[in-house]
Amino acid sequence: VQLQASGGGLVQAGGSLRLSCAASGIIFSSNAMSWYRQAPGKQRVLVASISSGGSTNYADSVKGRFTISRDNVRRTVYLKLNNLKPEDTAIYCCHTLRAGRDYWGRGTLVTVSS
């Protein structure tokens with residue numbers, strides 16, 4: 001299983017980014033996918049998740065600003081980040097679970113300047 005995240009960068013507060021995570025080695029359409037983030041000096045936390053059927057779930061801190069979506073043909077999960085705040089600065093990585101094992105992608109850094 002390989003998860004490859006991309007799309008991070010430096011953006012000013014109030015700006016937007018779209019992160020992508022391409023998956024291989026799994027039956028993508030059958031897997032729930034999630035985005036986590038880890039800010040400097042803090043623990044990794046769940047940001048958003050999307051089920052195989054498309055149901056979504058968000059951390060309270062990002063509700064109304066971030067949108068998770070998936071494209072089963074492209075085997076890719078997306079995270080659209082709007083109205084970014086400096087506290088959104090973190091390494092964002094994607095995650096899935098297969099046969100009871102966690103798989104993590106290499107993260108992509110999002111830096112939000114004030």
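## Strands 3 and 8

Strand 3 and strand 8 run antiparallel and are joined by six bridges. Strands here are DSSP runs (E, at least two residues), numbered from the N terminus, and two strands pair if DSSP finds at least two bridges between them. Leu-17 has Leu-81 in strand 8 as its bridge partner.

This is a predicted model, in which local features need pLDDT of at least 70 and side-chain atom pairs count only at pLDDT 80 or more, while totals for chains, interfaces and linings use all residues. Residues are numbered from 1 along each chain as its sequence is written, and side-chain values use heavy atoms, leaving out hydrogens and water.

Four strands make up an open sheet with antiparallel pairing, in the order 1-3-8-7. Strand 1 and strand 7 are at the edges with a single partner strand each, so one side of each has no neighbour in the sheet.

## The nonpolar core

The largest nonpolar core has 30 residues. Such a core is a set of buried Ala, Val, Leu, Ile, Met, Phe, Trp, Tyr and Cys residues joined through side-chain atoms within 4.5 Å. Trp-35, Leu-79 and Tyr-92 have the most contacts inside this core. Strand 3 gives the most to this core, with four residues.

## Asp-71

Asp-71 lies in strand 7 (residues 66–71). Asp-71 counts as buried because its relative accessibility is 18%; buried means under 20% relative accessible area (1.4 Å probe, protein chains only).

Key. Buried means under 20% relative accessible area, exposed over 50%, partly exposed in between (1.4 Å probe, protein chains only).
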